[in-house]
Amino acid sequence: MISTDKITEIFYVIDEFCKEFEKVTQKHRLVEDTGIKTRKRTSKLSDSEVMTIMVLFHYKQFRNLKHFYLYYVQVHMKKDFPQTVSYNRFIELQQQSVLPLALFLKTCCLGDCTGISFIDSTPLRVCHNKREKQHKVFKGTAAKGQCSLGWFFVPKAFGIKLYLIINDKGEILDFMLTQGNVDDRDPLKNHNFHKRIFGKIYGDKGYIGKDLFEQLFIDGVHLVTKIRKNMKNCLMLLQDRIMLRKRALIETVNDELKNQCQVEHTRHRSFENFITNLLSGLVAYSFFDKKPALNLEVIDKRLVA
């Protein structure tokens, strides 16, 4: 069961954002004057309520959105959502809330850089390799990509290769979606992806690149990676060696996003639902009371010893 305090907390933050979002959009909204009267009825479920339901679905690790909405929200959460709509109408409202959900994630759910950051990419598979020719939802937009775990399918439109940058507290600092066959170093070459990052950022061997290192160093970011077997050995600070061993922290975050927040599954009915599902999962992770984090005090004691 989801506690009432947690539901109230999530809804309050989202509702306050939606109020400000509505004020800003009304000032810049373009209205076409066709001379025909149109009905402007408000929906029973507001955008903030739809977004809250989506976040709660991922927050409590439910697996089936339809069962969650019909048999949990409409049965056990009548006090929190007294006026609900049919499930088909809810899916329509869900797709309409993609823009405010994305802006809410970018403006209210990202953490602050502490000078110690970790970067990694993880594949979001659309279907099994054997069902490539039978897959219809992403037909014509799917391409093969390869990672350390093997081959997977990704849509070409926005990509289903998720890049994450987190701090030592396990908070997401930024994220990016690309095609599956994109080189891991390409997102870091985009200044908008790391403009909020400073200090040191730790990655795996896939981010090794002299040009990338120099570009990030000019922007105030020190990229630290392990070296390949065919590379010359170089001196490294003991602190950097320890932090590279602690890079598994971001692997834990990826695991929680996939297995708890369910940002990856193969039951999408449309590409819009995939985007909504992904954004809701990232927002739900930001509301976790306990995130995987590093105990820097213990690490500092080891360095002194």
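Buried means under 20% relative accessible area, exposed means over 50%, and partly exposed lies in between, with a 1.4 Å probe and protein chains only as the basis. Gln 61 counts as partly exposed, because its relative accessibility is 39%. This is a predicted model, in which local features need pLDDT of at least 70 and side-chain atom pairs count only at pLDDT 80 or more, while totals for chains, interfaces and linings use all residues. Residues are numbered from 1 along each chain as its sequence is written, and side-chain values use heavy atoms, with hydrogens and water left out.

Start with the whole chain. The protein chain has 305 residues, and 46% of them count as buried. Its secondary structure comes to 12 helices and seven strands. Helices (H or I, at least four residues) and strands (E, at least two) are DSSP runs, numbered from the N terminus. The chain exposes about 17900 Å², and carbon and sulfur atoms supply 51% of that. Accessible areas come from the Shrake-Rupley method with a 1.4 Å probe; for residues, only the protein chains shown count as cover. Take contacts (heavy atoms within 4.5 Å) between residues at least 6 apart in sequence. Of these, 67% join residues at least 24 apart.

Now return to Gln 61. Gln 61 sits in the loop between α2 and α3. Its phi is near 60°, a positive value in a residue other than glycine. Most residues other than glycine have a negative phi.

Next comes helix α3, residues 65-76. Its buried residues are Leu 65, Phe 68, Tyr 69, Tyr 72 and Val 73. They lie on the same side of α3, because they cover an arc of only 125° around the axis. The arc is that of the directions from the helix axis to the C-beta atoms. These buried residues pack against α2 (47-59) and α4 (87-96). At the start of α3, a side-chain oxygen of Asn 64 comes to within 3.0 Å of the backbone nitrogen of Lys 66.

Move on to the strands. β4 (residues 161-167) and β5 run antiparallel and are joined by six bridges. Two strands pair if DSSP finds at least two bridges between them. Ile 166 stands opposite Ile 172 in β5. Four residues lie between the strands of this hairpin, and Gly 170 takes a positive phi near 85° there. Strand β5 (residues 172-178) is mostly covered, with six of its seven residues buried.

What of the nonpolar interior? A nonpolar core is a set of buried Ala, Val, Leu, Ile, Met, Phe, Trp, Tyr and Cys residues joined through side-chain atoms within 4.5 Å. The largest one has 66 residues, of which Phe 90, Phe 118 and Leu 257 touch the most other members. Helix α11 gives the largest share of this core, nine residues. A second, separate core has 15 residues, including Met 176, Phe 193, Ile 201 and Val 221.

Not counting residues up to four places away in sequence, Leu 257 touches residues including Leu 164, Ile 172 and Gln 262. Gln 262 lies in the loop between α10 (248-259) and α11 (271-286). Gln 262 has a positive phi of about 55° although it is not a glycine. Gln 262 is buried, with a relative accessible area of 4%.

Finish at Leu 244, in helix α9 (residues 238-245). Leu 244 is buried, at 7% relative accessible area. Its C-alpha atom is separated by 8.3 Å from that of Asp 204, 40 residues apart along the chain.

How values were computed:
Polar contact = N/O pair within 3.5 Å; in protein donor to acceptor, adjacent residues only side chain to side chain.
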